[in-house]
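Here are my notes on the model, as numbered points. Please read them with the coordinates open.

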Amino acid sequence: MTLGQRFARLVTNAVVRQPAAWRLFRGPFRRQFDRLAPSWEGRRRPDSLVPFERGLDALPQPPTRVLDLGTGTGIGARIVAERFPDAEVVGVDLADAMVDEARRVTPSSLGDRVCYEVADAARLPFDDGAFDLVTLANMIPFFDELARVVAPGGRVVIAFSGGPGTPIYVPADRLRRQLARRGFDDFDEVAAARGSALVARKRESD
């Protein structure tokens with residue numbers, strides 16, 4: 001791993017263990033991805049989004065309100081919008097430069113259904129239960145906020161392009177434990193290409 005990749009792994013491990021640690025890492029993490037934004041599209045391997053797409057394949061019904069967390073240059077948001085033509089998609093990223101690039105590369109044909117916002121995934125500017133699908137591709141999961149914005153009966157898709165070799169990576173058993181504690185069930189783990197995806201459903205209110 002490069003120095004930047006090792007930093008991403010260190011931050012991921014620290015924040016998943018202790019979410020309060022994020023306040024120490026937020027600024028350096030944002031600056032790292034601001035610097036990477038101009039070259040980010042060219043860094044992606046051809047099979048990087050295969051696990052993400054296989055996770056979407058596992059959804060039992062098409063979503064209508066989707067949040068793509070850590071959207072980067074918007075590839076996940078664009079894939080979702082192209083796959084589900086009735087869905088409105090919001091892509092969120094901490095790095096301003098990533099969001100600027102996402103807006104630049106998103107085709108006008110998707111412009112009425114895809115929008116991007118600069119926001120911190122640890123403190124999202126959305127109402128409780130605002131989305132029936134939340135997606136993460138190579139993104140640190142902030143479990144409390146993730147659970148808050150998913151509607152009852154909604155789903156999450158969490159994908160890692162290179163499995164345990166992904167700089168930002170959380171093992172499936174840890175994902176399951178953390179999501180189960182926050183009201184998720186109906187887990188489906190998918191292996192594809194070099195990576196994996198986990199799909200889970202938020203239980204309906206009793």
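1. With which side chain does the side chain of D120 make a polar contact of 2.6 Å? The partner is the side chain of R26. A second polar contact, of 3.0 Å, joins the side chains of D120 and W22. (A polar contact is a pair of N or O atoms within 3.5 Å; within protein, one must be able to donate a hydrogen and the other to accept it, and residues adjacent in sequence count only if both atoms are side-chain atoms.)

2. Basis of these notes. This is a predicted model, in which local features need pLDDT of at least 70 and side-chain atom pairs count only at pLDDT 80 or more, while totals for chains, interfaces and linings use all residues. Residues are numbered from 1 along each chain as its sequence is written, and side-chain values use heavy atoms, with hydrogens and water left out.

3. Setting of D120. The residue sits in the loop between β3 (114–118) and β4 (131–137). (Helices, H or I of at least four residues, and strands, E of at least two, are DSSP runs numbered from the N terminus.) D120 counts as buried because its relative accessibility is 8%. (Buried means under 20% relative accessible area, exposed over 50%, partly exposed in between, with a 1.4 Å probe and protein chains only.) Leaving out residues up to four places away in sequence, D120 touches W22, R26 and L94. (Contact means heavy atoms within 4.5 Å.)

4. Helix α2 deserves a look. It covers residues 22–43, 22 residues in total, yet its end C-alpha atoms are only 26 Å apart. A straight helix would reach 32 Å at 1.5 Å a residue. (The expected span is 1.5 Å times one less than the number of residues.) A kink of about 70 degrees lies at A37, shortly before the proline P38. (The bend at a residue is the angle between axes fitted to the seven residues ending there and the seven starting there.)

5. Burial along α2. Its buried residues are W22, F25, R26, G27, F29, Q32, F33, L36 and A37. Their cover includes α1 (3–17) and α5 (96–105).

6. E101 belongs to helix α5. It is buried, because its relative accessible area is 13%. Its side chain joins that of R104 in a polar contact of 2.5 Å. Residues up to four places away in sequence aside, E101 touches A37 and T73.

7. The sheet. Seven strands form an open, mixed sheet in the order β3-β2-β1-β4-β5-β7-β6. (Two strands pair if DSSP finds at least two bridges between them.) β3 and β6 (184–192) stand at the edges with a single partner strand each, so one side of each has no neighbour in the sheet. Neighbouring strands are turned by 15 degrees against each other on average, direction ignored. (Axes are lines fitted to C-alpha atoms, for helices over the stretch in contact, and angles run from 0 to 180 degrees between N-to-C directions.)

8. Helices on the sheet. α5 packs there, touching β2 (88–93) and β3, and its direction makes about 165 degrees with that of β3. Helix α7 (residues 172–180) also packs on the sheet. It touches β5 (150–160), β6 and β7, at about 160 degrees to the direction of β6.

9. F131 lies in strand β4. At 6% relative accessibility, F131 counts as buried. Beyond four places in sequence, its contacts include R65, L67, V90 and V149.
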